[in-house]
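Please look at the sequence and the model below. The text after them walks through one part of the fold and then turns to a single residue elsewhere.

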Amino acid sequence: MDEIRDLYQEVILDHNKHPRNFHKMENADSTLDGYNPLCGDHYTFYLRFDGDVIAEVSFEGSGCAISKASASIMSAILKGKKRDEAERLFELFTGIVTGRIAAEEHIAELGKLAAFAGVAEFPVRVKCATLPWHTMHGALQGENDKVSTE
Amino acid sequence: MSTMWNDKAPVAAAPSAAAFDAWRVRADFPALRQTVRGRPLIYLDNAASTHKPKVVIDTVARFYSEEYSNVHRGVHYLSQLATDLYEDARRTAQQFLNARREEEIVFVRGTTEAINLVAQTFGRSKLGPGDEIIVSAIEHHANIVPWQMICREKGATLRVIPIDEHGELILDAFEPMLSERTKLVSIVHVSNALGTVNPVKEIIEIAHRHGVPVLVDGAQSVQHMPVDVQELDCDFFALSGHKIYGPTGIGVLYGKKALLDDMPPYQGGGDMILSVSFERTVYNDVPFKFEAGTPNIAGAIGLAAALKYFRSLDIAAIAAHENELLEYATRKLEAIDALRIIGTATHKASVISFTLCAVHPHDIGTILDQHGIAVRAGHHCAQPVMQHFGIPATARASFSFYNTMEDVDALAHGIESVLEVFT
């Protein structure tokens, strides 16, 4: 069952149980839905910008532990990041959960995101982890339609 | 809770229950012998699809090795042999459902295609603006979307029989919904998401009193109970081969001949015509009118082998064994505090949908999988059911006659380990 502990790391279980920034944002500059039709994970993400900087991220919705923890950790990490920094983290995160990028080589940059390296061993769960990031990426790209994993 | 295998007479826990030896029949299923993630496979996803007995695998292999050819057109030996086997398969399906005539058996890809066929032929020719089709609140998407599509095209309305908190139809609401505008009732026999066995015979009687034909979606029923289409008096009946131990990509649409004769063709092509010219094409008779192109010959022959295999088992004993599994699993799972069973109808097939407090079904599925336990997690293509219960998804364990009490123990143990991870 080591794989299970690799997947459900303490930090992931903690953010699942106590998601950070888990609320609606009234004065959001960008609001975008992320939806995984396969399993029904459904979140709404809110972004507020201060110039080029992401001033605030929040989300609401429901889904599995992996998607919820991913959304929560993402919301905490992106606060105060510039757009291009957020895009860089998007590339890095999607890289480690798909196994394209070795997490060990980017430990400092990844911070808590490194907890998601175990997802690479569970291919069907990759979309759970990436749903919040794809939605955020879509919002940064100016999409205003729902982002779907399918 | 009991598995209802006949609308009039629910089977009591039959004495033959003890006579049914799940361990013996397991030997017929090669796939059940494997280990998954280092553990013996415990397959509890039978409502999604069942494994195949060796006789089905061998029949398909023999067909491709020794008997294969196209059907219905060659004068040569193999073509005649393949045609005979294919048409024998039709007769096997006819006998299995006790249809009056073999022409009433149309081979399709599965239940989904069967319902689409009826929607696009019967629906297209009968529906007009203001007309209505009635389904229920526990339908699979396959018995919702085809009707939405044709209703939108024709300006017709889809109406829905409501369900209660147990996942049972509120039958009192049904009869008042019927009117001269109602063109068809299309109802699921057994709910894939909840296991509810619907009183289809009663529904058919009520609908017929109002002159409305009824389609029964039998994708989840035929593998659990005997079905006699004449006794039910349903007008259409649909089933999927892969859910009753047969190959994928093959299923059956039963339709009363008078209705099928009256329906326009589904798809155009070879085999569904008698003669073609650019001025005028004459369609073939039923069932060929609905089987354009080279059919799934091996699938039909494999399905026949599956139906014969299934029939060779004592179906009352199967029903009793599956009911024991259901009752035992219900007891074991109810004993877990954080667990809530979704779907508590009086008459259920051996399907248990459940949620675990604060644990998403996908996380349940992933952790059980590490124990070699295969369950389904998600909305089970029945999102309206999930909406009714105010949940996004469930985990679902669905049992076959080849499952054992030990499988239930393993499931309960696996669920405990899910809770350990999440507490």
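In this predicted model, helix 3 of chain B has these buried residues: Ser79(B), Ala82(B), Thr83(B), Tyr86(B), Glu87(B), Ala89(B), Arg90(B), Thr92(B), Ala93(B), Gln94(B), Phe96(B) and Leu97(B). The elements of chain B that these buried residues pack against are helix 2, strand 4 (105-108), helix 7 (229-232), strand 9 (236-240), strand 10 (251-255) and helix 9 (297-312).

Helix 3 of chain B is made of 21 residues, and from its first C-alpha to its last it reaches 31 Å, close to the 30 Å expected at 1.5 Å a residue. Just after this helix, Asn98(B) has a positive phi of about 55°.

Helix 2 (residues 54-67) and helix 3 (residues 77-97) of chain B pack at an angle of about 160°, and their axes are 11 Å apart. Because angles over 145 degrees count as roughly antiparallel, helix 2 of chain B is described as roughly antiparallel to helix 3 of chain B. The crossing of these two helices is left-handed.

On the helix 2 side of chain B, the contact is formed by Phe63(B), Glu66(B) and Glu67(B), which meet Leu78(B), Leu81(B), Ala82(B) and Leu85(B) in helix 3. By class, this contact has five nonpolar, no polar and two charged residues. Ala82(B) takes part in the contact and is also among the buried residues of helix 3 of chain B.

In chain A, Glu10(A) lies in helix 2 (residues 10-17). Glu10(A) is exposed, with a relative accessible area of 60%. Between Glu10(A) and Phe93(A) there are 83 residues in sequence and 18 Å in space, C-alpha to C-alpha.

Notes
Residues are numbered from 1 along each chain as its sequence is written. Chains are lettered from A and ligands numbered from 1 in the order in which they are written. This is a predicted model: local features need pLDDT of at least 70, side-chain atom pairs count only at pLDDT 80 or more; totals for chains, interfaces and linings use all residues. Side-chain values use heavy atoms; hydrogens and water are left out. Axes are lines fitted to C-alpha atoms, for helices over the stretch in contact, and angles run from 0 to 180 degrees between N-to-C directions. Helices (H or I, at least four residues) and strands (E, at least two) are DSSP runs, numbered from the N terminus. Angles under 35 degrees count as roughly parallel, over 145 as roughly antiparallel, 65 to 115 as roughly perpendicular and the rest as oblique. A crossing is left-handed if the near helix is turned anticlockwise from the far one by less than a right angle, and right-handed if clockwise. Contact means heavy atoms within 4.5 Å. Ala, Val, Leu, Ile, Met, Phe, Trp, Tyr, Cys and Pro count as nonpolar, Asp, Glu, Lys and Arg as charged, and the others, Gly among them, as polar. The expected span of a helix is 1.5 Å times one less than its number of residues. Buried means under 20% relative accessible area, exposed over 50%, partly exposed in between (1.4 Å probe, protein chains only).
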